[in-house]
Amino acid sequence: MAPAQRCPLCRQTFFCGRGHVYSRKHQRQLKEALERLLPQVEAARKAIRAAQVERYVPEHERCCWCLCCGREVRKHLSHGNLTVLHGGLLEHLASPEHKKATNRFWWENKAEFQMKEKFLISSQDYARFKKSMVKGLDSYEEKEDEVIKEMAAQIREVEHSRRELVRSVLEPQAVPDPEEGSSALGSWKGTNSQVASASQQPSYLDLPPAPELDWMETGQPLTFIGHQDTPGIGNIHSGATPPWMVQDEEYSSGNQQIGPSYEEFLKEKEKQKLKKLPPDRVGANFDHNTSTSVGWLPSFGRVWNNGRRWQSRHQFKTEAAARSKQSHKEKKPNVS
């Protein structure tokens with residue numbers, strides 16, 4: 001009997017010697033394992049002619065399982081903040097250690113000889129990949145330089161617009177011609193007279209009349225910003241206190257309690273507890289606030305006595321008969 005051997009592909013122990021690798025199950029497991037690795041190798045082969053360089057992200061630390069070597073291999077090649085896609089897998093496939101492990105794997109598992117070349121990278125292809133990687137790094141640097149230049153241009157444009165805005169605000173206004181100043185002065189006087197006449201008319205706000213603008217007589221053109229009324233009169237646009245800032249008389253003392261009292265809270269809490277009880281329970285409609293005497297307990301049925309129910313029933317009947325006789329005697333008139 002052949003010694004026991006372990007097959008890593010089938011994940012079982014067999015005792016048939018070398019004949020296991022020719023079995024249908026082993027060949028099926030071998031084909032499925034190679035088909036899982038083949039798409040990653042083909043994607044790496046496409047990167048030989050045109051290497052892709054990207055900015056490093058944590059996802060570039062992924063690894064893939066090399067079936068021939070029996071270990072994990074880094075899929076991408078990273079250095080600093082740059083990553084060459086499929087660079088790590090191509091470097092591994094072109095190494096002599098992988099070539100030796102592939103030959104041994106094909107010999108031990110009796111795989112198809114035509115598929116072995118798909119999992120190997122020649123030294124010429126790897127040299128071509130190095131050249132394309134250099135070109136990819138140069139193009140990536142050029143793109144980064146263009147992006148940096150565009151960002152710098154945007155920053156300069158924003159800074160220039162900010163300086164222009166500050167300069168326009170801080171620059172003094174130009175002095176107009178005397179003719180333009182006199183015409184502007186006349187227009188301002190006409191506006192002032194109209195405003196004064198309108199202010200003298202009664203309105204619902206009862207605003208005081210606007211004073212005469214004597215400062216216009218100086219001859220220097222100034223900007224009219226509107227009437228400045230005394231605070232506390234009119235609306236918020238005339239300097240009055242907003243209504244939401246005015247304290248009410250009833251709340252001005254500060255002693256007014258907000259919300260329900262503690263006693264009301266306890267009553268409401270007790271009501272909420274009673275709502276959870278069944279409404280048809282005994283004593284649901286009993287008023288606990290009514291005053292009761294000491295003898296409020298029921299005297300019929302002998303509820304609070306010990307003994308059997310029939311004894312209480314007979315006792316109740318005898319007492320009822322005695323009370324009826326006594327009341328009957330009291331109703332009879334006295335005959336003298």
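I take buried as under 20% relative accessible area, exposed as over 50%, and partly exposed as in between (1.4 Å probe, protein chains only).

By that rule I put Lys 110 among the partly exposed residues, because its relative accessibility is 23%. I found Lys 110 in the loop between α3 (96–109) and α4. Its phi is near 55°, a positive value in a residue other than glycine.

The model is predicted: local features need pLDDT of at least 70, side-chain atom pairs count only at pLDDT 80 or more, and totals for chains, interfaces and linings use all residues. Residues are numbered from 1 along each chain as its sequence is written, and side-chain values use heavy atoms, without hydrogens and water.

Next I looked up His 86. His 86 sits in the loop between β7 (82–84) and α2 (87–93). Its phi is positive too, about 65°, and it is not a glycine. I noted this because most residues other than glycine have a negative phi. Is His 86 buried or exposed? It is buried, with a relative accessible area of 15%.

Then I went through the whole chain. I read 7 helices and 7 strands, taken as DSSP runs (helices H or I, at least four residues; strands E, at least two) and numbered from the N terminus. From the N terminus, the order is β-β-α-β-β-β-β-β-α-α-α-α-α-α. Of the 336 residues, 20% are buried. I also checked contacts (heavy atoms within 4.5 Å). Of those between residues at least 6 apart in sequence, 51% join residues at least 24 apart.

Last, I looked up Asp 138. Asp 138 lies in helix α4 (residues 123–170). It counts as partly exposed, at 41% relative accessibility.
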